[in-house]
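Biologist: I would like to learn how to read a model of a complex, step by step. Could we begin with the place where the chains meet?

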Amino acid sequence: MKQNPPIALALRGVSKRFDRPAVDALDLTVYGGEFYVLVGPNGAGKTTTLRMVVGLLRPDAGSICIEGVDALADPVAAKQVTAWLSDEPMIYDKLTPYEYLEFVAGLWRIEPATAEARARDLIGWLGLEPHAHERCEGFSKGMRQKVALAGALVHDPKLIILDEPLTGLDAGTARQVKNVLRERVRAGGTVIMTTHILEVAERMADRIGVIAGGRLIAEGTLEDLRRQTGKGATSLEDTFLALVAEEVVAA
Amino acid sequence: MSQPASLTWLAGHEFRLGWRDWTSLMTAGGRTRARTATIALIAFAAFMHVFGFWTVASYANADLESETSALVGITGSLLLSWSLLLSQAMESVTRAFYSRSDLDLILTSPASARKVFAVRMGRIAGAAVAIAVLLAAPFINVLAFLGGARWLAAYGVVAAMGAVATAAALALTIALFRVIGAKRTRLVAQIVAAVIGAAFVIGLQMAAIFSAGSLSRFAALQSDWMLSHAPDTHSAFWWPARAVLGDYGALAGVMMFAVVVLAASIALFSRRFGEHAVAAAGVSSAIVRHRRWSLRFRRRSPARVLRHKEWTLLLRDPWLISQTLMQILYLLPPAMLLWVTFHDHNDSFVLLIPVVVMAAGQLAGGLAWLSISGEDAPDLVATAPIGSRRILWAKIEAVIGMIAFVFAPIVAVLTLDSVFAGVVCALGILSAAAAATAIQLCFRVQARRSQFRRRQTSSRLATFAEAFSSIAWAATTALAASASWAALGTALVAFGVLGAVWLISPSRA
């Protein structure tokens with residue numbers, strides 16, 4: 001009998017309201033070693049969901065469990081195994097990538113020798129070597145995103161959460177980022193990512209979650225989603241549009 | 001209606017941008033804030049007129065034209081104001097060079113770039129003139145109200161000073177570009193601006209300390225040496241002073257000089273402006289700093305890592321360095337007074353301590369904003385496995401550590417002469433810095449470090465509270481240093497300011 005892999009992230013009845021409900025009693029399960037992509041129209045609640053998972057927002061209701069740790073009761077333990085990367089890379093202009101990675105490793109209490117070896121590997125994989133000791137102030141968006149990604153990976157997180165990480169990146173940089181993420185999943189890590197680029201979801205995701213109006217309206221592999229629409233949709237784009245249209249009609 | 005891309009059309013565009021920039025600086029875009037800002041401005045103008053009445057009313061009807069001492073005094077005051085205007089104009093010119101904003105649009109449009117930059121320089125001059133006129137207005141209005149319309153000529157002199165300051169700032173900044181290049185000009189220009197702004201005041205105070213043993217800058221201007229070496233009263237050197245006193249011939253000469261100098265500098269530099277702006281825009285991508293904070297990763301606790309990061313960012317911030325330098329420069333006269341005091345062995349340190357404490361409070365406020373609110377990677381820090389209280393403490397420790405580093409030498413020197421004075425000064429510095437940091441904590445916002453210049457916009461209450469708190473702690477330490485029980489009263493006021501801040505702070509809501 002095939003056993004389910006361990007659960008990396010479990011959301012149960014998670015809700016968040018601003019001036020209107022942004023996330024509405026959301027249940028979501030992501031398994032260890034899985035590449036999970038959340039898609040949905042603008043304002044669907046994707047980013048709010050992920051920001052609650054990483055502890056940047058507190059949910060109004062529900063529970064969040066990361067790698068077996070109750071993230072609301074023990075946020076520090078949950079953060080120890082999690083990395084967050086947003087679409088707008090937040091790095092320090094006056095630090096070099098090398099210094100930035102040392103800073104991040106220090107925050108996560110990583111052994112200096114281990115962190116340094118990882119930092120060197122990441123700098124190499126992401127093609128940052130020529131700029132490793134330049135201050136980030138003159139870096140392009142792609143370079144900054146690569147530095148931020150290296151920062152997210154330098155503490156070897158079990159769960160990596162990325163919000164639109166490929167926005168504004170050129171093809172070469174986007175491929176480097178995708179390769180690094182694939183490599184992490186191959187090594188047993190879990191990746192949860194939001195994207196508006198449906199081809200990326202189609203190609204990279206083990207499972208796709210479609211979120212609209214703060215609720216998960218469909219979930220599964222691309223085949224599962226196609227079956228769910230049952231309208232002969234061929235691409236994820238068709239499937240996605242059909243699912244969202246159904247949701248709008250239902251609402 | 002003016003033709004598109006004509007000088008008047010471009011001037012209109014620049015004026016609109018300038019106006020919106022100013023209004024957003026004052027109101028941060030909020031309608032309620034616009035009302036509050038208007039009321040605050042009216043109150044400030046009223047206060048300045050009262051202050052103007054208090055300081056210059058006695059001169060309104062005096063016959064000053066034939067007195068060398070009056071001409072020296074007015075000229076010295078004009079030079080003092082001009083040095084500050086020059087400093088402000090240099091900062092504006094440097095900012096115009098380094099803010100990329102619409103540079104690409106201008107250079108790729110069919111409009112004459114020279115014309116656009118000429119108008120932009122005109123806008124900088126206009127802003128300098130407006131600031132000068134607004135600041136001088138209360139004093140001139142009081143003099144004109146009490147002494148007659150002849151004093152209104154001073155408006156012309158002040159406007160001319162703004163124009164000449166802009167011309168000089170353009171010349172100085174472009175000279176820096178040519179001599180040291182675009183890479184270094186930003187930092188050096190900011191430091192030069194700070195030094196110019198402070199140099200004249202400090203020079204006069206130094207002279208006053210050595211000649212009269214006081215901090216009054218007017219003591220030096222009225223010294224026998226100064227009066228005996230002043231040019232003849234009929235010299236053209238006194239034209240600005242004579243113009244202030246209502247000599248319309250001198251006023252015409254001063255204004256004509258200003259217009260010619262500004263027009264010549266705009267004509268001369270507008271062609272170069274584009275080249276330098278392009279060079280400045282390219283600096284950020286060309287900058288390579290191979291300095292590292294360590295050769296290898298080092299073992300540090302998260303709190304220490306945070307403190308180290310804060311200090312590194314503070315030390316690598318050219319704007320902050322220039323501001324800190326200015327604060328330190330302003331501490332030079334008190335330091336000299338300290339030296340003179342020790343030499344004479346009297347108790348003038350009572351004068352010195354509040355100056356130092358005030359400076360510490362103000363510097364701590366700026367550092368605390370940078371450290372607590374100006375976090376460029378808030379998500380990274382917030383998602384790190386450290387408690388939010390520990391993060392805040394590390395940032396507070398970074399601020400207090402920096403203040404200790406800057407002020408320790410002064411406290412040490414003071415302690416050598418009087419342990420009591422040293423302890424009081426150290427406690428005052430610590431209290432003022434802690435209070436300023438607490439105020440910034442209460443009013444913390446999420447902002448980028450690059451918004452430091454506009455930090456007052458986010459909360460004027462925080463700015464005023466910071467100033468009141470520093471003044472209260474300065475008064476407390478001065479009274480404590482003179483062993484007066486009244487220190488308890490001012491300390492209560494200082495705590496009262498903190499309590500009020502806590503009650504109205506948005507972070508409590």
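Modeller: Two residues are in contact if their C-beta atoms, placed from the backbone, lie within 7 Å, and by that rule 33 residues of chain B are in contact with 35 residues of chain A. This is a predicted model, in which local features need pLDDT of at least 70 and side-chain atom pairs count only at pLDDT 80 or more, while totals for chains, interfaces and linings use all residues. Residues are numbered from 1 along each chain as its sequence is written, and chains are lettered from A and ligands numbered from 1 in the order in which they are written.

Biologist: Which element gives the most to the side of chain B that touches chain A?

Modeller: Helices (H or I, at least four residues) and strands (E, at least two) are DSSP runs, numbered from the N terminus. On the side of chain B that touches chain A, α11(B) gives the most, with five residues.

Biologist: How confident is the predictor in chain B, and in which of its elements is the mean pLDDT lowest?

Modeller: The predictor's confidence in each residue is its pLDDT, from 0 to 100. Chain B averages a pLDDT of 80, and 79% of the residues score at least 70. Among the elements of chain B, helix α7 (residues 217–221) has the lowest mean, 59, whereas helix α16 (residues 419–442) has the highest, 92. For the complex, the predictor gives an ipTM of 0.83 and a pTM of 0.70.

Biologist: Why does Ala258(B) count as buried?

Modeller: A residue is buried if 20 or more other C-beta atoms lie within 10 Å of its own, exposed if 12 or fewer, and partly exposed in between. Ala258(B) lies in helix α10 of chain B, and it counts as buried because it has 24 C-beta neighbours inside 10 Å. Leaving aside its neighbours within four places in sequence, Ala258(B) is in contact with Ala160(B), Ala163(B) and Val164(B). The C-alpha atoms of Ala258(B) and Ala167(B) are separated by 8.7 Å, although these residues are 91 apart along the chain.

Biologist: In what sense do β6(A) and strand β7 of chain A pair?

Modeller: Two strands pair if DSSP finds at least two bridges between them. Here β6(A) and strand β7 (residues 159–163) of chain A pair in the parallel sense over four bridges, and the bridge partner of Thr82(A) in β7(A) is Leu159(A). From strand β6 (residues 82–85) of chain A, Thr82(A) and Trp84(A) point one way and Ala83(A) and Leu85(A) the other way, and all are buried.
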